[in-house]
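This report describes one protein chain, from its overall build down to single residues. The sequence and the model come first.

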Amino acid sequence: MLAVQILTPREIDPAGIETGIVTIEDAETGEELELAIDAGLLSRYRKLFAARQEEMRGLFNSKHWHFVTVSTDDDISRLFTRTLRAQGVLS
């Protein structure tokens, strides 16, 4: 079994996100929300993101399944030539 998690670069590392009040929109519902972004919030996001990634890896590893995270900026051929080979999915 192989799970491929596809994330945007900003989901992986929100370093380029501006601080201050921003309006975000839910892509599915169109609902808008104002959010105050500061260094503390970005730090908390990074910690929660890392913990969630570890939780996902642990879940898949416990079932002896492969779990790969890729960025939308990644070259898809690299996924096959390097990432999946390194994980033993492809030979």
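Helices (H or I, at least four residues) and strands (E, at least two) are DSSP runs, numbered from the N terminus. R44 lies in helix α2. The model is predicted, with local features needing pLDDT of at least 70 and side-chain atom pairs counting only at pLDDT 80 or more, while totals for chains, interfaces and linings use all residues. Residues are numbered from 1 along each chain as its sequence is written, and side-chain values use heavy atoms, with hydrogens and water left out.

**Overall build**

The chain contains 3 helices and 4 strands. Read from the N terminus, their order is β-α-β-β-α-β-α. The C-alpha trace spans about 50 × 25 × 25 Å along its principal axes. The radius of gyration, taken over C-alpha atoms, is compared with a globule rule of 2.2 Å times the number of residues to the power 0.38. For 91 residues a compact globule would have a value near 12 Å, whereas the chain has 16 Å.

Of the 91 residues, 18% count as buried. Accessible areas come from the Shrake-Rupley method with a 1.4 Å probe, and for residues only the protein chains shown count as cover. The accessible surface of the chain is about 6900 Å², and carbon and sulfur atoms hold 54% of this area.

A contact means heavy atoms within 4.5 Å. Among contacts in the chain with a separation of 6 or more, 47% are between residues 24 or more positions apart.

For charges, Lys and Arg count as positive and Asp and Glu as negative, with His and the chain ends not counted. Each charge is placed at NZ of Lys, CZ of Arg, CG of Asp or CD of Glu. There are 10 positive and 15 negative side chains, and the centres of the two sets lie 13 Å apart.

**Helix α2**

Helix α2 covers residues 39–62, which is 24 residues. The expected span of a helix is 1.5 Å times one less than its number of residues. From first C-alpha to last, α2 reaches 35 Å, close to the expected 34 Å. Which residues of α2 are buried? They are L42, F49, Q53, M56 and F60. These buried residues pack against β1 (2–7), α1 (9–12), β3 (32–37) and β4 (66–71). An α-helix has 3.6 residues a turn, so residues three or four places apart point the same way.

D13 is placed in the loop between α1 and β2 (20–25). With a relative accessible area of 39%, D13 is partly exposed. H64 sits in the loop between α2 and β4. Its phi is near 60°, a positive value in a residue other than glycine, and H64 is exposed at 72% relative accessible area. G88 belongs to the segment after α3 (76–86) and is exposed, with 53% relative accessibility.

| Pair | Distance along the chain | C-alpha separation |
|---|---|---|
| G88 and H66 | 22 residues | 8.7 Å |
| D13 and D75 | 62 residues | 18 Å |
| R44 and E31 | 13 residues | 24 Å |

Terms used
Buried means under 20% relative accessible area, exposed over 50%, partly exposed in between (1.4 Å probe, protein chains only).
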